[in-house]
Structures are given as C-alpha cells and as structure tokens.
Amino acid sequence: MAFQDSNYSGYWGKPTATIDWCEKNYEVNYYVAEMWNTISNLMMILLPLWGIWDMKKQKFAQRFFLCYLFITVVGFGSWAFHMTLLYEMQLFDELPMVWGTCYCIYCLSIVKHDMKSKYIPNKLLLLALIIISIGFAIVYLTWPQPLLQHFCYGILVAISLAQEIKLILEFKCGVCKHMFIVALGLYLFGFFLWNIDNIFCKNLTILREQIPVFFRPFTQMHSWWHVFAGYGVYIQVLFCIHSTYDYHKKYQQSNVLLPEHMYFSIRWQKSNKKY
C-alpha cells in the first residue's frame, strides 16, 4: 500500500493520504488519481440511494434511512479519497465507515422495539456507540495510522455479524438466514480481493503491463472490493429491515417480506409457505 514511484502527477498534486493503493495514480485521467477505484464507488452511492427511495415508497421505519445514508456518505467519501488521494478526503471515507457500522450495531440491537414508539430504546448502548465514534475520531486524528482504522472497523463489523447470527438463531427465520449468507459471502469475497490487491500488488502491476488495455480495469482488485463489499453491506440493511418486520409481524401471516431483483429490494408477497 506504499506510494508507487512510477506514478504520474496530476491535478490534485502530491498525495497527502497516509495510504495509497495498487492502481497507478493519474494513469487514466489527469483529474482523477485512481480512476477505477473511484468509479467503482457508484455501487455504494447509487444502490443506497435506490434503497432510500424504495424504503420511502414502502413506508419502512425511518431508522433505516440513516443506514442507507451512511453507506451513501461512505461511497461519496471513498470517491473523493480515490479521486484526490488527499488526507482530508481519506478521513471523509474512513470516519463514516466506523460511524455507520456503529449505527448498524444500534439498529440490530433494537429490532424488537416498537417502530411506532417515540421512546428512544437502548439509550445506554446508543450513548456508548456515540462515545466510541467520537473517541475513535479524536484518537485517529491524533494518531492517523491506517491499521488503527482497519482494526476498529473490523471489530465493529464482527460485532454486527454476531448480532445477525443471534437474531437468526432466535427468530429461526429462513429468509434472514439466506440473506445473511449471501451478504456475508459477497463481503468476504470482496475482502479477499482487497487482500490480493495489497499482497500481490507488484504481480498485478506486471500483469497489467502484459495484457490489453481493455482488460486492465478488471484486474483492479480494490475496485472489486468496493463493488462486492458495498453490495454485501446493502443486503445487510435489507436483513435488518426484514428481521425487524418479521419479528413484529405487522402484516398477516400469509404475507412475508422476500428479496427481489437480485437482492436490490424486498417486497411484501403472499405466501402459504412457512419461512
């Protein structure tokens, strides 16, 4: 993840971020430091924007709006980071990742809470997560070590996954289980590609020089991390929505929330099958 000596110079000047990625800087466009790592963030921008529109249309609880909003903010932050490789834009990417995961943990903890109640549930956990979010930001601004962000984010993701497993075991919901497996599979595959990009950067760079230009974007493993991880996190929000409504059973037993269109949305459907 060190800066590459052979990189071109571009509009945003010398990178000030604490990390750089395997894609050569300004190789494609003078105004975009990492073209493919930038545009791949559309998965974390367009998809949650669709999710916001869809949840409004289906009148899902407002708590899920922030879930989608945090993904969108991370998408824009990551776009800005990879486009400029400036430290300020790196923070725009990395801080919301931690904050958004904290909010996800909170949403998973209040699945059983009445969605129509104006009472704020689980205030102690909410306060603790706010303190963690602020504390992390202060420490990270003081000690900007990428491994610190990776470690804290990884721990929070693991906690959210443990919460989801607990809900699956408690509710015995087949749809929840299937959505969890798909989301986790996508996320872990993206994480695998993220590691390939970091560990085998030199090999990938040599490979790109030996293949036609058309195929080079497909070898940008960090870009694929954005695609698969973004998709996986989006489905995790759908998991949270489904598990919440499944617990409260607001609708008749013959209706069930099922994923549609390759997990881009969930819809109420009539079904005699038991899930």
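**Cysteines at a glance**

The torsion about the S-S bond of Cys22 and Cys201 is about 100°, so this disulfide is right-handed. Please keep in mind that the model is predicted.

**The bonded pair**

- The sulfur atoms of Cys22 and Cys201 sit 2.3 Å apart and form the disulfide.
- Cys22 belongs to the segment before helix H1 (35-39), while Cys201 is in helix H8 (residues 201-210), so the bond ties together parts that are 179 residues apart in sequence.
- Cys22 counts as buried, with a relative accessibility of 2%.

- How far is the sulfur of Cys67 from the closest cysteine sulfur? That sulfur belongs to Cys107 and lies 3.7 Å away, which is too far for a bond, since a disulfide needs the sulfur atoms within 2.5 Å.
- Cys67 is buried, with 9% relative accessibility.
- Cys102 takes part in no disulfide; the nearest cysteine sulfur, in Cys152, is 9.3 Å from its own.
- Cys102 also counts as buried, with a relative accessible area of 3%.

Key. Residues numbered from 1 in each chain as written. Predicted model: local features only at pLDDT ≥ 70, side-chain atom pairs only at ≥ 80, totals over all residues. Heavy atoms only, no water. Helix = DSSP H or I, 4+ residues; strand = E, 2+ residues; numbered from the N terminus. Buried < 20%, exposed > 50% of the residue type's maximum accessible area, 1.4 Å probe, protein only.
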